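Subject: Structure handover

Hi,

Here is the structure I promised to pass on. Please open it next to this email as you read.

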Amino acid sequence: MPLSDFHLRASVAVSDIRRAAAFYEGKLGLRALRTGPSADIPDGSRVYGSGGGPALNVYQSGTAGTAQATVAVWYVDDIERVVDELTAAGVDFVRYDGLAYDARGITARAGGGRIAWFRDPDGNTFALEADA
C-alpha cells in the first residue's frame, strides 16, 4: 500500500496554543477546522484548512521550535501580493546570509521561481513559493 495514495498533512509543535492560534488565525488568516486535546492539554491542538481541505496540525508540545528546516510551504500564484498582505498583518520575513533579496524579502528559488520565508512565534519556519 503506497503512501502516495493518502492525503498528507504537516504538523507543527508550538509552546503556547493560544499564542499560536493568534498568529495562525490572526496574522496568517487560517481557519481552524477543529480543535482538540494535545496529549494531556485540553484544547491544545488545532487543524487548519488550506487549499480546500485540512492541511496543518498545530499542537502544544515541549518540543516546540526545535525544527531547523522549513516545516511547510504554501505554493502561491502572486507571491508579492501574499507577502505584502502578510507583512501588513505583522508577519516578518526571514533573510538568510548569502542570498539576494528584493525589498519584500523574496529571493530566487533553486531550480527557478521565487521563495520567501517567515517564522511563527516559536521559530517554526514556513515558506511561500511561486513558479514565476
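First, the ground rules. This is a predicted model, in which local features need pLDDT of at least 70 and side-chain atom pairs count only at pLDDT 80 or more, while totals for chains, interfaces and linings use all residues. Residues are numbered from 1 along each chain as its sequence is written, and side-chain values use heavy atoms, with hydrogens and water left out.

**The four-stranded sheet**

Helices (H or I, at least four residues) and strands (E, at least two) are DSSP runs, numbered from the N terminus. Two strands pair if DSSP finds at least two bridges between them. By that rule, four strands make an open sheet in the order S1-S4-S3-S2, with mixed pairing. S1 and S2 (31–38) are the edge strands, each pairing on one side only. Neighbouring strands are turned by 25° against each other on average, direction ignored. Axes are lines fitted to C-alpha atoms, for helices over the stretch in contact, and angles run from 0 to 180 degrees between N-to-C directions.

H1 packs on this sheet and touches S1, S2, S3 (41–50) and S4. Its direction makes about 15° with that of S3. Contact here means heavy atoms within 4.5 Å.

Now the pairings. S1 and S4 are parallel, over five bridges. Ala 13 has Tyr 59 in S4 as its bridge partner. Val 12 stands opposite Val 58 in S4. S3 and S4 are antiparallel, over six bridges. Here Arg 46 has Val 58 as its bridge partner in S4. S3 and S4 form a hairpin with two residues between them. Gly 51 in that turn has a positive phi of about 65°.

How many residues of S9 are buried? Six of the six, so S9 is largely enclosed by the rest of the structure. Buried means under 20% relative accessible area, exposed over 50%, and partly exposed in between (1.4 Å probe, protein chains only). Both faces are covered. Thr 125, Ala 127 and Glu 129 are buried on one side, and Phe 126, Leu 128 and Ala 130 on the other.

S5 and S9 run parallel, joined by five bridges. Trp 74 has Leu 128 in S9 as its bridge partner. S8 and S9 pair in the antiparallel sense over six bridges. Phe 118 has Phe 126 in S9 as its bridge partner. The hairpin of S8 and S9 has five residues between the strands, and Gly 123 takes a positive phi near 90° there.

Thr 125 is in S9 (residues 125–130). Its relative accessibility is 3%, so Thr 125 counts as buried. Its side chain makes a polar contact of 3.3 Å with that of Arg 119. (A polar contact is a pair of N or O atoms within 3.5 Å; within protein, one must be able to donate a hydrogen and the other to accept it, and residues adjacent in sequence count only if both atoms are side-chain atoms.) Leaving aside neighbours within four places in sequence, the contacts of Thr 125 include Val 71, Tyr 96 and Trp 117.

Val 71 sits in S5. Val 71 is partly exposed, at 27% relative accessible area.

**Helix H2**

H2 (residues 79–88) has four buried residues to look at: Ile 79, Val 82, Val 83 and Leu 86. They cover an arc of only 100° around the axis, which puts them on the same side of H2. The arc is that of the directions from the helix axis to the C-beta atoms. These residues pack against H1 (17–27), S6 (93–94), S8 (114–119) and S9. Gly 90 follows H2 and has a positive phi, near 105°.

**The nonpolar cores**

A nonpolar core is a set of buried Ala, Val, Leu, Ile, Met, Phe, Trp, Tyr and Cys residues joined through side-chain atoms within 4.5 Å. The largest has 27 residues, of which Tyr 24, Leu 28, Phe 118 and Leu 128 touch the most other members. S1 (10–14), H1, S4 (53–60), S5 (70–75), H2, S8 and S9 each supply at least two residues. H1 gives the largest share, five residues. Apart from this core lies another, of five residues, among them Val 94, Tyr 101, Ile 115 and Trp 117.

Best wishes
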